[in-house]
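Please open the model in the viewer and follow the selections below in order.

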Amino acid sequence: MGRGRVQLKRIENKINRQVTFSKRRAGLSKKAHEISVLCDAEVALIVFSHKGKLFEYSTDSCMEKILERYERYSYAETQLVATESDSQGNWSIEYNRLKAKVELLQKNHRHYMGEDLDSLSLKELQNLEQQLDTALKHIQSKKNQLMYESISELQRKEKAIQEQNTMLAKQIQEREKTAAQQLQWGQQQDHGLNASSSFLLPQPHPCLNIGGTYQEEATEVRRNELDLTLEPIYSCHLGCFAT
């Protein structure tokens with residue numbers, strides 16, 4: 001049968017207590033050495049007996065360095081905890097401040113909208129009216145400024161469009177003038193070609209007209225001769241009838 005579970009409590013027998021302390025202290029030192037070797041850890045062990053006697057164990061580095069490192073980490077952790085607690089307190093204060101500010105802004109907004117005015121005194125109402133008048137003046141000034149800037153921008157665009165139209169009109173006139181000159185030059189070229197071609201064509205010979213006139217005159221002479229030939233015949237018959 002195995003050993004039963006030993007109840008942890010103070011050993012009343014002084015001798016047994018001293019023996020157990022010596023055994024457990026040696027076992028604790030052994031375990032500290034084993035964990036430092038197996039796990040490459042820095043271990044510092046400090047034990048005080050019930051009589052106040054000091055027993056210590058440390059790894060290769062000295063006890064002072066390990067304790068200094070412990071104090072440094074302990075101090076940093078303490079500061080971190082303090083900072084977190086301070087920041088939590090600061091966040092709480094900041095939250096309350098912002099909440100109050102939001103409530104005040106909401107209240108002023110309602111007043112500017114003409115709501116919840118019953119709680120205001122005459123002086124507060126006068127101050128609110130003055131604030132609204134000032135705000136209205138600022139709004140009108142800003143509106144006039146924007147309108148003036150808009151008008152100036154439109155005038156600038158109008159001027160640019162007019163200049164562009166003038167330039168386009170000049171370009172159109174120049175193109176029309178160039179087209180008219182080209183058309184006139186083309187007509188002059190066509191007229192010169194027609195004149196040169198008519199000059200090169202053969203002209204009818206004037207003898208043909210003279211010949212035609214001569215033939216007509218010859219025909220007329222033949223008719224006269226024929227008439228003269230016929231007249232004696234008619235006269236001869238007439239004489240016969242007369243007889």
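Which side chains meet in a salt bridge at 2.4 Å, N to O? Select R97 and E94, whose side chains form that contact; a salt bridge is a side-chain nitrogen of Lys or Arg within 4 Å of a carboxyl oxygen of Asp or Glu. The two are separated by about one helical turn because they are three residues apart in helix α2. Helices (H or I, at least four residues) and strands (E, at least two) are DSSP runs, numbered from the N terminus.

The model is predicted: local features need pLDDT of at least 70, side-chain atom pairs count only at pLDDT 80 or more, and totals for chains, interfaces and linings use all residues. Residues are numbered from 1 along each chain as its sequence is written, and side-chain values use heavy atoms, with hydrogens and water left out.

Next, select E42 and R69, which meet in a salt bridge of 3.1 Å, N to O. This pair links distant parts of the chain, with E42 in the loop between α1 (14–39) and β1 (44–48) and R69 in helix α2, 27 residues apart.

Then select R10 and E12, joined by a salt bridge of 3.4 Å, N to O. R10 counts as exposed because its relative accessibility is 55%, and E12 counts as exposed at 63%; buried means under 20% relative accessible area, exposed over 50%, and partly exposed in between (1.4 Å probe, protein chains only). The whole structure holds six salt bridges.

Finally, return to helix α2, which spans residues 63–112 and contains L67. At 34% relative accessibility, L67 counts as partly exposed.
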